[in-house]
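Please look at the sequence and the model together, and follow the paragraphs below from one part of the fold to the next.

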Amino acid sequence: MKVLPGVFAALFMCGTIALFSCGKKGGENANEEEPVGGFKRVELKSKQLTHVQPMTGMTLWNDLAAELNSSFGKCIALEFSYIQPCKLVKGKSGGKLQYDWSYLDNKLQKAAGRGHQMVVRFPLCYPSNKDNCSGDKGGTYVPDYIRSVPGYQETYAEDPGGDGPTWYPDWSCSELQWFVKQFYSDVAARYNKDPRLAFVEVGFGHWGEYHTYGTTVQHGVNFPTKEYQHELFSQLSAEMEIPWLISIDAGEDTYTDVFKNSGTKGLVFGLFDDSFMHKEHDIAQGDGWNERCWQWCGMERWKTGVCGGEISYYSSADQRNFLNPKGMYGVTWEQAAAKYHMSFVICNDAPSGSYFTSKRVTEAGLASGYRFKVISCETDGSVSRVKVTNTGVAPIYRDAYITIGGVRAGESLKGLLPGVEKTYEIKAVATTGNVSITSDFILSSQEIEFEI
């Protein structure tokens, strides 16, 4: 599915407090409408979204996000980075992995300083890379202590798929199998509550994208066994609170049967598509491999698991042109985002095109993910009811709450599907300026807005 490594990184900014005024239409006094079952309606003043919402939108890699921050920092809410496990894990002692988290923490902190959260991926195999710990071109990101285990033997391909030298982890090694499970457990324990980290992309093979194109897959040799993948995904489902997602390439059962196995197909996780919007992405456009992969994975998965990806590199012009308001290959970004319920997309080469403007990037970001609208507000003097709908293309995947004067509703907005209306009760009185949406999983510099 992917011939070139991904290049991407951060999305769009928004956040936690969106105020609205409560007053009688045509006057200044609040709470003076006709009673409705003991409740009085609160007339709300008009309000629109002003920026891209947290955990949604166009995403750039860390370095480009930093370079363009002064011009585009407020147009994106997310940044992306590969994180090499060998740069975090320094060894094993007393049965426990020894970490230096500074490499990841520094990236998270710098992105947060720009008002952005991060999407990360922890690949073990990356064709042609030069930033591994072994020094070999295309070397694995497996920690050194595992590579020195007696009998550990990586395999090599000179130029698989035309992507250059590639080394593959030795999946027959029990220590590697133990390590990957423990590593994700430790990531979850450390970052589950960290608002700097929005999403985690999980996978094996080239770039962690669930394929070894150009090299024949050998389960238990250069790729984990299907049974092992079931075990890992079950563990992630139990331990990883950060929304996580895997490549749609996993839908084709050469590499895994996770979507056919009764124990794993019902787990909650999302999907990413690393060649989104290429010339023949959809069945109606030609080959349609990508759309078929989405179908195999389950077109309804977006309802519980975040969906994202990266704009195609099949043509060098794809990233530059996908934001064309008139569309690319007959499809606009808005149409594609709605069809696949995309919350974010990595588009690191888009800034080199003429369509990457602040206005267009903001429009495209607001066309992805969730988008809340308050339909009505009423109070009886002690309790308030706020009716909300989601006018976006996907739900929010972390807890967020209608909040009045610091008091949160008893139920989260998480999972509110597009087009659904729901009333939230808050044990506080709605007054002008004290209604907001708050979340523990966005940055203090971000806010989740709502329309009225």
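The model is a predicted one, in which local features need pLDDT of at least 70 and side-chain atom pairs count only at pLDDT 80 or more, while totals for chains, interfaces and linings use all residues. Residues are numbered from 1 along each chain as its sequence is written, and side-chain values use heavy atoms, with hydrogens and water left out.

The side chain of Arg-360 meets that of Glu-363 in a salt bridge, at 3.3 Å from N to O, the term standing for a side-chain nitrogen of Lys or Arg within 4 Å of a carboxyl oxygen of Asp or Glu. Glu-363 counts as partly exposed, at 33% relative accessibility. Both residues lie in helix 10 (residues 358-366), three residues apart, about one turn of the helix; helices (H or I, at least four residues) and strands (E, at least two) are DSSP runs, numbered from the N terminus. An α-helix has 3.6 residues a turn, so residues three or four places apart point the same way. Besides Arg-360, the buried residues of helix 10 include Val-361, Thr-362, Ala-364, Gly-365 and Leu-366, and strand 3 (57-61) and helix 9 (333-340) are among the elements that cover the buried residues of this helix.

The structure holds 25 salt bridges. One of them joins the side chains of Arg-196 and Asp-105, at 3.5 Å from N to O. Arg-196 lies in the loop between helix 5 (174-191) and strand 10 (197-202) and Asp-105 in helix 3 (residues 102-113), so the pair ties together parts that are 91 residues apart in sequence. Both Arg-196 and Asp-105 are buried, and together with Arg-190 and Asp-194 they are linked in a network of salt bridges. A further salt bridge is formed by Lys-260 with Asp-253, whose closest N and O atoms are 2.6 Å apart; here Lys-260 counts as exposed, at 59% relative accessibility, and Asp-253 as partly exposed, at 32%.

Helix 5 also packs against helix 6 (residues 226-239), at an angle of about 15° and with the axes 10 Å apart. That makes helix 5 roughly parallel to helix 6, a label given to angles under 35 degrees. The crossing of the two helices is right-handed. In the contact, which means heavy atoms within 4.5 Å, helix 5 takes part through residues including Leu-176, Val-180, Tyr-184 and Ala-188, and helix 6 through residues including Tyr-228, Leu-232, Leu-236 and Glu-239.

The last stop is strand 17 (residues 401-404), from which Tyr-401 and Thr-403 point one way and Ile-402 and Ile-404 the other way, with all of these residues buried. Strand 17 pairs in the antiparallel sense with strand 20 (residues 435-438) over four bridges, where two strands pair if DSSP finds at least two bridges between them. Strand 17 also pairs with strand 18 (residues 407-408), again in the antiparallel sense, over two bridges. Thr-403 has a bridge partner in each of these neighbours, namely Ser-436 in strand 20 and Arg-408 in strand 18. In the hairpin of strand 17 and strand 18, which has two residues between the strands, Gly-405 takes a positive phi near 55°.

How values were computed: Buried < 20%, exposed > 50% of the residue type's maximum accessible area, 1.4 Å probe, protein only. Axes fitted to C-alpha atoms, helices over the stretch in contact; angles between N-to-C directions. Parallel < 35°, antiparallel > 145°, perpendicular 65-115°, else oblique. Left-handed = near helix turned anticlockwise from the far one by under 90°.
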